[in-house]
Protein chains: 2
Amino acid sequence: MKIITMAHGSGGKLTEELIEGIFYKSFKNDLLLQANDSTLLSFIKGRLVATTDNFVVKPIFFRGGDIGKLSICGTVNDLLMSGARPLYITVGFIIEEGFEINQLEKIVESMAVTALKAKVKIVSGDTKVVERGSCDGVYINTTGIGVLERNIKLGGARAEVGDKIIINGSIGDHGASIFTQRGELEINSSLQSDCTLLNDLIAEILDNSNKVKVLRDPTRGGLATTLNEIAGQSKVSIKLKEEKLLIRDEVRSLCQITGFDPLFLANEGKVVVVVDNSESNRVLEVMRKNDLGREARVIGEVVEDDNNRVYLETSINGTRIVNALVGELLPRIC
Amino acid sequence: MKIITMAHGSGGKLTEELIEGIFYKSFKNDLLLQANDSTLLSFIKGRLVATTDNFVVKPIFFRGGDIGKLSICGTVNDLLMSGARPLYITVGFIIEEGFEINQLEKIVESMAVTALKAKVKIVSGDTKVVERGSCDGVYINTTGIGVLERNIKLGGARAEVGDKIIINGSIGDHGASIFTQRGELEINSSLQSDCTLLNDLIAEILDNSNKVKVLRDPTRGGLATTLNEIAGQSKVSIKLKEEKLLIRDEVRSLCQITGFDPLFLANEGKVVVVVDNSESNRVLEVMRKNDLGREARVIGEVVEDDNNRVYLETSINGTRIVNALVGELLPRIC
């Protein structure tokens, strides 16, 4: 079994072997192969969009994905949320001494396959190795660069009273799935993470409506935190209807056992769309034609209220306030 | 004493407090304050340049800098090596549970000050917290985006026979300084890291010569590794003159005690310039007028030889082959 040694992070011969034998092999593209301190990319004319994320998910391989797939999906999806076309990704690895090289190869291959699907090029990379016990297997940073070609303005501060809130499916799948694979409880579950790329779904939404106000993916902190951010940035309140939320049976059972609230569980293949009421039906129809939006639904609306809060209208006609996540629910979910 | 808790990485309220109370306070700029999943940057017309680096240096505070300053200098310098104007930096933190918040504030402030000097904006960030023992204090990823406005082509593959090799000063200062601060040997030393920004020096070189072929900063792996990379990429050999190398007394003594070779010790404020012989004197003069180039010198030249090697002509007129670093010299130097 071949493992990562401190020398793989030295910048010398073994680093070169790692780069050429693993990274170049999977990520191979003309830009990356420049092998300079920085990479010269294509000529751009337009507004740039950038985003960065670290991934420390545990376990690193999970049902529905792995840290590599997650790192590309997460960063590509974040670029998409501004309406941009994702172009480039840079990748930074921090690897623990002793990590199995064949595991690294699997992760890198998973990143390469996902990047290809997302039509982004991996253009720059860096690898550091730290001593045994100074990191937990592998951590990955992915930074994304895109270009905004559409004549639109999206952002958390643009929601207005009357707008509808749409989501493309069930909530909490990623968080719940990761939890069942931590071995903290003896749970037999086949629940998959929803980790996926949203490129096509977002393109179809924006191609068909110019009245979308906000796109945001409810990852860490879940739907509740995302909607609270939007309420705060837009200085509006949001009313959700509990009966409209789609929560898979397995997620619901897990929440009953653990006391987790599915509104706070992370999603990795979902998008919250805030759209003008006049076009909400059109957007919903478009979304339902896409595989990733078959279960799309209006879950609430932006309402007049000075408290900048999120309210949940429960199935029994009560209303409760949904706060942003306070404290820690599930560490290392992404 | 306030410390980082797992909840600071949850994506919820405490994450928001960290972002607003520490990151926004120091990094504050109109772009970062958009607070969306990705950041809309300015309109660009030109060729983009990108680079990424993880920083895991130990200790995180050292003479001449800290992990924050190093992370900005390292990434800005890498952008400069392609002739680009650095524009934007993204920052990803991985922080160990229990890390002192006032240490984080110092690091963040150091990054902000350095970014201001480098005229780059910090435009996107991410913070993850991992359990005690799953990281060593703090790791930082910085990814840089720049634009190439000059009509030049630089790169490791462009060195040609007859070109001169110039460096802007002494070698090994960063590596040697970090080593003396690890506490592995009882060494009293005042040796400082050379960690610095090279913006002005590089601009002055490129403003005064269009016959520069390669710019590269000899960081991890040291001067020897950098020159071997250039020799390999350009398919040339390089001859160095030992007597021309500037090695500070303290670095020399440390190397005598430990057996380190200063050619392999990392530098964080140096640049290797490969320039056409006809303009080497002009470039040297320009460099010497800059504070960071006062000790600039020609240390060797590109020679005709099919072995793609680096040779060192020693003071006693012998010649030895200088290989790229093999194995590990000093882990976590950057």
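The two copies meet through the same surface, because 100% of the interface residues of chain A are also interface residues in chain B. Contact here means heavy atoms within 4.5 Å. The model is predicted, so local features need pLDDT of at least 70 and side-chain atom pairs count only at pLDDT 80 or more, while totals for chains, interfaces and linings use all residues. Residues are numbered from 1 along each chain as its sequence is written, chains are lettered from A and ligands numbered from 1 in the order in which they are written, and side-chain values use heavy atoms, with hydrogens and water left out.

Chain A can be laid on chain B by a turn of 180° and a shift of 0.0 Å along the axis, with an RMSD of 0.0 Å. The two copies are thus related as by a two-fold rotation axis. The superposition is by least squares on the C-alpha atoms of residues with pLDDT of at least 70 in both copies.

Chain A gives 76 residues to the contact, and chain B gives 76 residues. About 6000 Å² is buried between chain A and chain B. Carbon and sulfur atoms give 54% of that area. A:D37, A:L48 and A:R220 supply 12% of the area that chain A buries against chain B, more than any other three residues. Buried area is the accessible area (1.4 Å probe) that two parts lose on being put together, summed over both.

Salt bridges also cross the interface. Their count between chain A and chain B is eight. A salt bridge is a side-chain nitrogen of Lys or Arg within 4 Å of a carboxyl oxygen of Asp or Glu. One of them joins B:D53 to A:K128, with the closest N and O atoms 3.8 Å apart. A network of salt bridges links A:D53, A:R220, B:D126 and B:K128. A:R220 is also one of the three residues named above for their share of the buried area.

The segment before helix 1 (13-27) of chain A holds A:A7. Helices (H or I, at least four residues) and strands (E, at least two) are DSSP runs, numbered from the N terminus. A:A7 counts as buried, at 8% relative accessibility. Buried means under 20% relative accessible area, exposed over 50%, and partly exposed in between (1.4 Å probe, protein chains only). Leaving aside neighbours within four places in sequence, A:A7 is in contact with A:L14 and A:T15, and with B:G327 and B:E328. A:A7 and A:E20 are 13 residues apart in sequence and 15 Å apart in space, C-alpha to C-alpha.

Over all chains, a search of the whole structure finds 45 salt bridges. In one of them, the side chains of A:K164 and A:E301 meet at 3.3 Å, N to O. A:K164 lies in strand 7 (residues 164-167) of chain A and A:E301 in strand 11 (residues 297-303) of chain A, so the pair ties together parts that are 137 residues apart in sequence. A:K164 is buried at 19% relative accessibility, whereas A:E301 is partly exposed at 32%. In chain B, the side chains of B:K164 and B:E301 form a salt bridge at 3.3 Å, N to O. B:K164 has a relative accessible area of 18% and is buried. B:E301 is partly exposed at 33%. A further salt bridge joins B:D261 and B:R320, again 3.3 Å from N to O. This pair links distant parts of the chain, 59 residues apart: B:D261 is in the loop between helix 7 (249-258) and strand 10 of chain B, and B:R320 is in strand 13 (residues 319-322) of chain B.

Two covered elements were examined. In helix 4 (residues 173-180) of chain A, eight of the eight residues are buried. Strand 2 (61-62), helix 2 (67-80) and helix 7 (249-258) of chain A are among what covers them. In strand 8 (residues 212-216) of chain B, five of the five residues are buried. Four bridges join strand 8 of chain B to strand 10 (residues 272-275) of chain B, and the two run antiparallel. Strands pair if DSSP finds at least two bridges between them. B:V214 stands opposite B:V274.

The whole structure has zero disulfides over all chains. A:C334 is in none, with the nearest cysteine sulfur, that of A:C195, 10 Å away. A disulfide is a pair of cysteine sulfur atoms within 2.5 Å. A:C334 is buried at 6% relative accessibility. The sulfur of B:C135 is 8.4 Å from the closest cysteine sulfur, in A:C135, too far for a bond. B:C135 is buried, at 3% relative accessible area.
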